[in-house]
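Open the model in your viewer and keep the selection panel at hand. The tour below goes stop by stop.

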Amino acid sequence: MSLHAELKAALRKAVPTGYLDAPEDLRVYSYDMFARAEPEAVVLPESTEQAAEVLALAERFETPVTPRGSGTSLTGGPTPVRGGLVLGTARMNKVLDLSRADRIARIQAGVITAQLQRAVLEQGLFYPPNPTSADYCTLGGNVATNAGGASGVKYGVTRDYLTGLTAVLPGGEILATGGRCMKDVAGYDITRLLCGSEGRLALITEASVRLLPKPEAVRAMSAYFTDLKATAEAVAAIMSSGYAPCTLELMDRAFLKAVKQAYDFDFPAEAQALLLIEVDGPETTLGGQMQAIARLCKEHGAFQTTVAADETERAALWQARRGGTAALVRQVSFMVSLDYAVPVSLLPTAVERIGQIGRTHGLDVVVIAHAGDGNLHPMVIYDPSDAAQSAAFAAFDRDACNAVLELGGTLSGEHGIGLEKAAHLPRQLSPAFLRLAREIKRSFDPRDLLNPGKCESFCSDED
């Protein structure tokens with residue numbers, strides 16, 4: 001589609017320094033790690049009011065709007081597959097309020113997650129949700145996908161910390177939900193409805209989140225195994241033991257090799273997998289927890305367990321985990337990072353079955369996981385320009401989804417649906433669920449102008 005000349009002029013007036021339509025700008029806002037599609041223009045409002053004016057204009061001219069944070073999505077969520085406008089939140093990047101007394105922060109949607117984490121730490125507080133992309137992703141994107149990350153095993157996900165939102169509805173009406181209170185049951189919980197809605201119902205411009213006291217101390221440990229399934233069995237044992245690690249991350253050998261090549265990260269030659277394990281809390285309790293968890297790892301096949309001696313060694317482990325995906329992307333022609341979750345007790349079975357499915361279809365599959373909450377991220381390497389490899393990936397995707405659902409799992413633990421899982425959604429969700437989701441979508445956005453083309457089962461009457 002092509003934007004109406006009157007709409008262009010109105011957008012330039014509404015967002016004087018935040019209207020972009022140069023070819024190079026459109027390319028920058030056209031992709032994530034899964035999909036690519038160019039918009040006709042990009043708008044970068046600085047406030048809720050500017051964003052409301054943009055959405056009012058978009059409805060008037062029946063123009064699609066795709067919300068976008070930092071573009072770190074892995075499912076095609078922020079790609080404008082039906083053209084129109086990309087509305088980026090990068091200029092809405094202020095921490096508006098941080099109350100130590102109320103343990104609440106109010107932030108604009110474009111605030112980088114790590115920026116908020118650092119700001120609250122200075123007040124002796126702690127914001128637990130910790131996506132792997134925390135140094136780059138935005139709070140608005142975290143809310144839109146209900147992001148989790150490595151801390152989810154102990155502390156939960158974004159939804160668990162939301163106390164209120166400011167959002168703009170299609171057409172430009174501003175909606176406020178919740179606020180500064182820890183408890184609030186007045187009316188329907190629209191805050192939690194919008195969290196995880198992937199920009200399909202409203203544009204999130206501000207969020208209020210609750211904070212926790214900063215843990216007194218954190219200890220980190222690496223545990224190496226010679227068998228991937230045994231590694232997952234150790235995870236299940238740790239989680240059933242009564243201990244509460246704040247991090248329990250699994251990385252397989254292929255992932256470790258990519259990290260070694262990129263960052264000179266050394267690991268034992270016989271290692272097939274690594275667990276990165278952390279505990280936090282009072283200093284006096286952590287040594288005993290580490291020893292007990294190390295024993296459980298050894299009972300399930302760990303041949304080497306090492307507690308990080310200081311923050312430098314801990315940071316090296318985190319560089320491996322956080323940097324590994326980027327390292328793989330640089331080393332292969334194309335890679336898709338998938339997202340499933342299964343009950344933790346069935347994680348060993350899921351890991352084994354996903355490996356078998358990859359081998360059946362002749363694909364290289366790298367496995368990492370937020371293992372403590374059963375959240376698997378298989379990364380499939382293939383060439384999408386090769387018809388045979390594309391067909392093999394499609395078969396892998398189908399069979400992996402089937403395996404996860406057979407284990408009582410979910411098709412997405414934290415990445416969202418976007419484009420990548422849209423076709424599979426009716427296999428998990430009931431017809432009644434899909435009908436209600438379609439009705440909710442129509443109630444919020446009857447013209448389907450906000451992030452159209454995503455989660456299609458939520459707007460199509462054909463399941």
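Start with the largest cavity, which holds about 60 Å³ of space in this predicted model. A search of the whole structure finds one cavity of 30 Å³ or more. Select its lining: Leu55, Ala58, Glu59, Thr63, Val65, Pro170, Gly171, Asp445, Leu449 and Leu450. By class, that lining has six nonpolar, two polar and two charged residues. Now colour helix H3, residues 48-60. Helix H3 supplies the largest share of the lining, three residues.

Next, go to the largest nonpolar core, a set of 47 residues. Which members touch the most others? Pick Leu275, Ile277, Cys297 and Phe396. Then show helix H13, residues 387-406, which gives the most to this core, with seven residues.

Stay in this core and centre on Cys297. Beyond four places in sequence, Cys297 touches Ala223, Phe225, Ala234, Ile238, Leu275, Ile277, Ala302 and Thr305. A second, separate core has 28 residues; select Ala105, Ala202, Val209 and Leu211 among them. In soluble globular proteins, nonpolar side chains tend to be buried together.

Last stop: Gln117, in helix H4, residues 113-121. Is Gln117 buried or exposed? Gln117 is buried, because its relative accessible area is 16%, under the 20% cut-off. Show its contacts beyond four places in sequence: Tyr127, Pro129, Asn130 and Ala134. Finally, draw a C-alpha to C-alpha distance from Gln117 to Leu44. The two residues are 73 apart in sequence and 24 Å apart in space.

Technical notes. Residues are numbered from 1 along each chain as its sequence is written. This is a predicted model: local features need pLDDT of at least 70, side-chain atom pairs count only at pLDDT 80 or more; totals for chains, interfaces and linings use all residues. Side-chain values use heavy atoms; hydrogens and water are left out. A nonpolar core is a set of buried Ala, Val, Leu, Ile, Met, Phe, Trp, Tyr and Cys residues joined through side-chain atoms within 4.5 Å. Buried means under 20% relative accessible area, exposed over 50%, partly exposed in between (1.4 Å probe, protein chains only). Helices (H or I, at least four residues) and strands (E, at least two) are DSSP runs, numbered from the N terminus. Contact means heavy atoms within 4.5 Å. On a 1 Å grid over the protein atoms alone, a cavity is a set of points where a 1.4 Å probe fits but cannot get out, and a pocket is an open set with protein on both sides within 12 Å along at least five of seven lines; lining residues have an atom within 4 Å of a point. Grid points are joined across faces, edges and corners, and a volume is the space filled by probe spheres set on the points. Ala, Val, Leu, Ile, Met, Phe, Trp, Tyr, Cys and Pro count as nonpolar, Asp, Glu, Lys and Arg as charged, and the others, Gly among them, as polar.
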